[in-house]
Amino acid sequence: MRVGIPRGLFFYHLYPQWKTFFNYLDWEVATSPPTNKKMVEAGVMMAVSEACFPVKVLYGHILELAGREVDYIFMPRLVSIERRSYICPKFMGIPDMLRAQIQGLPPLIDLCIDVSRNEGDLYRELDRWSKKMGLKSGRVRKAWNDSTRATCELEAICRQGHTLGEGIGVWEGKPAAKRGTGDLTIGVLGHCYALNDRLISLGLFERLREMGAAAVTSEMLDPQLIEEAAARLPKRVFWTVGRTMVGTALLLDQNPGVDGMIYLTCFGCGSDSMMAKIIEHRVNKPFMLLTVDEHSGEAGVVTRLEAFCDMLRRKRRLELAHNLSPYGEFLYSH
Ligand code: SF4
């Protein structure tokens, strides 16, 4: 069997696990290529206009895979990947939306992944799928359990200072990308599928590197510390990604080595509209919200990044010259 995995949405976090899972079952895995303009145009034309940019891009990847020789396309119905937390509700309906809108689509494997209460629901779902596919449920369960170590491997790679996109390359055996070694350190927040897709983020990481700024993302930090920082909010954030972002922002805010933070959000994203506001109100470091959609141009993003980096450098010079912080506190006591 040959299964296609679209390079969109949670591909940037769970692809190693999914690939390992299918390989354990002796299935071949094909992925769509990195997003290109043609795929974006095709996705934008096909998706409903209310969909957010990353979902439109996913349509482009699905259309690309549909034109290939694959027996199935893996498009799980992600509900929850950790206890008491959820993924954006748009993920739940994606398989249905794709089936309804794209003619001649290869069959979708739409496993419902929901571990919000316990692992039991997921195992029952795997059993249901095993029966449908004529596979032994014990073998499928074991393949799933064994494949989770691939996510741990990816997370360990990223904690060495790699973004998820780079981490997946390293996990696949490619040489590690050069790290940024500039005079600035900037915390970069956003959904993994927006930050690590070069077409969606308009090359954010590369641009920062060229401007002499090293990017720090949530994957590079200790998840326990992120969780502890997020717990400082009066109410627990029940979106997995939202809680990670707020925890990352609060953690980086306390780090004197971090000069500022950039939050990349996609136009039309409901959860970002709330999380960005919460973070903006709670952090003291310079903060920039960068909103992108299918009409955004690289030049506009570059101009804003240059202005942000210039401001951070000017701020640092002023602090050193006047012994004053823009927050009204003395930096040094004599
Ligand atoms: S979280 Fe936001 S960007 Fe992600 S799928 Fe949902 S609406 Fe789209």
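**Exercise 1.** Determine the handedness with which helix 3 and helix 4 cross, and describe their packing.

*Solution.* The crossing of helix 3 and helix 4 is right-handed, that is, the near helix is turned clockwise from the far one by less than a right angle, anticlockwise being left-handed. The model is predicted, so local features need pLDDT of at least 70 and side-chain atom pairs pLDDT 80 or more, whereas totals for chains, interfaces and linings use all residues. Residues are numbered from 1 along each chain as its sequence is written, and side-chain values use heavy atoms, without hydrogens and water.

Next, take the geometry: the axes of helix 3 (residues 53-66) and helix 4 (residues 90-101) come within 12 Å and cross at roughly 55° (axes fitted to C-alpha atoms over the stretch in contact, angles from 0 to 180 degrees between N-to-C directions; helices are DSSP runs of H or I, at least four residues, numbered from the N terminus). Helix 3 and helix 4 are therefore oblique to each other (under 35 degrees is roughly parallel, over 145 roughly antiparallel, 65 to 115 roughly perpendicular, the rest oblique).

Finally, Val-55, Leu-58, Tyr-59 and Ile-62 of helix 3 meet Ile-94, Met-97, Leu-98 and Gln-101 of helix 4 (heavy atoms within 4.5 Å). The residues of this contact divide into 7 nonpolar, 1 polar and no charged (Ala, Val, Leu, Ile, Met, Phe, Trp, Tyr, Cys and Pro are nonpolar, Asp, Glu, Lys and Arg charged, the others, Gly among them, polar).

**Exercise 2.** Find the angle at which helix 2 and helix 3 pack, and classify it.

*Solution.* Helix 2 (residues 37-46) packs on helix 3 at an angle of about 110°, with the axes 7 Å apart. The two helices are therefore roughly perpendicular to each other.

**Exercise 3.** Describe how helix 5 and helix 6 cross.

*Solution.* The axes of helix 5 and helix 6 come within 9 Å, crossing at roughly 130°, and the pair is therefore oblique. The crossing of helix 5 and helix 6 is right-handed. Among the residues in contact are Leu-122, Tyr-123 and Trp-129 of helix 5, together with Val-140, Arg-141 and Trp-144 of helix 6.

**Exercise 4.** Identify the helix that supplies the largest share of the lining of the largest pocket.

*Solution.* Helix 1 (11-24), helix 5 (120-133), helix 6 (137-158), helix 11 (223-230) and helix 12 (240-253) each supply at least two lining residues of the largest pocket. The largest share, 7 residues, comes from helix 6. By class, the lining has 19 nonpolar, 10 polar and 7 charged residues.
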